[in-house]
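Thanks for coming. I will go through one part of this structure, so please have the coordinates open.

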Amino acid sequence: MGVFDARSYREENGMDELCGDERAVVEMFFKAKLGVVNILSLTKRDLAVESSGSNAEAPKGTGTGFVWDDLGHIVTNNHVINDAAEIRVRTASLPDDKYFTADLVGADEERDVAILRLEAESGLQMPDPLVRVKAQQQLFVGQKVFAIGNPFGLEHTLTTGVISGLGREITRKAAGRPMFNIIQTDAAVNPGNSGGPLLNSRGFVIGMNSAIASPSGVFAGVGFAIPASTLETVVREILSAGHVMRPALGVFFAPEALCRRLGIEDGLLVLGTRKAGAAEKAGLKSTKRDASGKLHLGDVVVKLDGNKTDRIVDIFRHLDRKKVGESVILEVIREGRALEISVVLEDLGQMPVAKM
């Protein structure tokens with residue numbers, strides 16, 4: 001791994017004319033861009049066109065990623081490489097006609113994170129990883145941030161802004177489940193920036209750019225990044241366990257609108273539980289019909305660890321802060337009686353398929 005000599009770089013590139021803040025940003029970008037990659041996601045059709053020798057224009061970079069470690073792991077958004085037949089990765093140090101191929105190691109579709117591994121290519125040097133902030137490091141609204149990515153195929157573009165909000169919740173249509181604790185920034189991000197790093201002034205990764213709020217599909221001043229702490233958890237679990245360990249109750253809740261139509265003003269109705277899942281083991285009662293067709297309502301969960309559960313997102317938000325194996329207390333109403341039920345959270349990926 002090479003050592004960046006800031007003094008030599010300034011002298012060789014005539015940067016002494018820049019003011020101190022400008023020099024700091026230029027040096028930060030020069031060092032960080034070496035760990036940022038351009039990701040080209042090719043479909044089977046793309047590969048067929050390429051192999052046919054057609055003059056059709058080849059697809060440009062579909063997204064960005066960054067080097068996670070010395071083992072050749074790349075982190076990006078799942079939507080960047082979803083359904084790819086082949087993944088190609090270009091680094092800042094490669095000639096225009098060279099690229100790495102990459103394999104998908106694993107992904108968390110709900111958090112929109114994917115991990116790739118570069119295949120060693122003869123004569124090509126593996127890129128160095130970016131430095132990440134410590135998981136417990138505090139972020140502040142107003143803190144200056146930098147985004148590096150490949151918007152519209154323009155490789156290694158730098159934009160700057162500030163953290164304009166913390167703790168946001170966004171929902172991707174493809175996943176359905178909200179993403180929590182999201183960083184909001186006004187640093188410009190556009191199509192192609194997805195999967196790129198959001199950096200602090202020291203060039204440390206504080207998040208991964210993932211989405212924008214825009215009526216037109218291009219940047220309108222509001223971008224969102226997955227925090228580094230979430231990335232650390234997802235990557236660690238995929239590399240160690242092969243999948244993300246997501247704590248779950250094993251409950252299928254009735255939609256909120258149905259609960260209200262049934263006269264349930266507070267809480268969520270349990271429609272069913274996963275067979276041999278956490279909730280069934282704890283004794284939670286499901287909604288059922290008897291032999292005559294009469295409907296018998298199941299338990300109504302009104303609180304989870306003392307927090308009201310009027311919406312399904314309230315459940316997701318609380319479980320997002322928990323770990324597999326931890327216990328939670330459900331306050332339920334069963335046939336007019338208030339009960340407390342302790343449930344040991346289980347890994348959703350290891351539970352049997354839901355059965356209603």
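Ile 183 has Ala 225, in E12, as its bridge partner. Strands here are DSSP runs of E of at least two residues, helices are runs of H or I of at least four, and both are numbered from the N terminus. This is a predicted model, where local features need pLDDT of at least 70 and side-chain atom pairs count only at 80 or more, while totals for chains, interfaces and linings use all residues. Residues are numbered from 1 along each chain as its sequence is written, and side-chain values use heavy atoms, without hydrogens and water.

Strand E9, residues 178-185, pairs antiparallel with E12, residues 223-227, over three bridges; pairing requires at least two DSSP bridges. Both belong to a closed six-stranded barrel in the order E7-E8-E9-E12-E11-E10, with antiparallel pairing. On average, neighbouring strands of this sheet are turned by 50° against each other, direction ignored.

Now to helix H5, residues 228-241. H5 lies across E9, E11 (205-212) and E12, at about 50° to E12. Such angles, from 0 to 180 degrees, are between N-to-C directions of lines fitted to C-alpha atoms, for helices over the stretch in contact; contact means heavy atoms within 4.5 Å.

Which residues of H5 are buried? Ala 228, Thr 230, Leu 231, Val 234, Val 235, Glu 237 and Ile 238 are, buried meaning under 20% relative accessible area with a 1.4 Å probe, protein chains only. The buried residues of H5 pack against E2 (63-67), E3 (73-76), E5 (100-108), E6 (113-118), E11 and E12. Just after H5, Gly 242 has a positive phi of about 90°.

Terms used:
Buried < 20%, exposed > 50% of the residue type's maximum accessible area, 1.4 Å probe, protein only.
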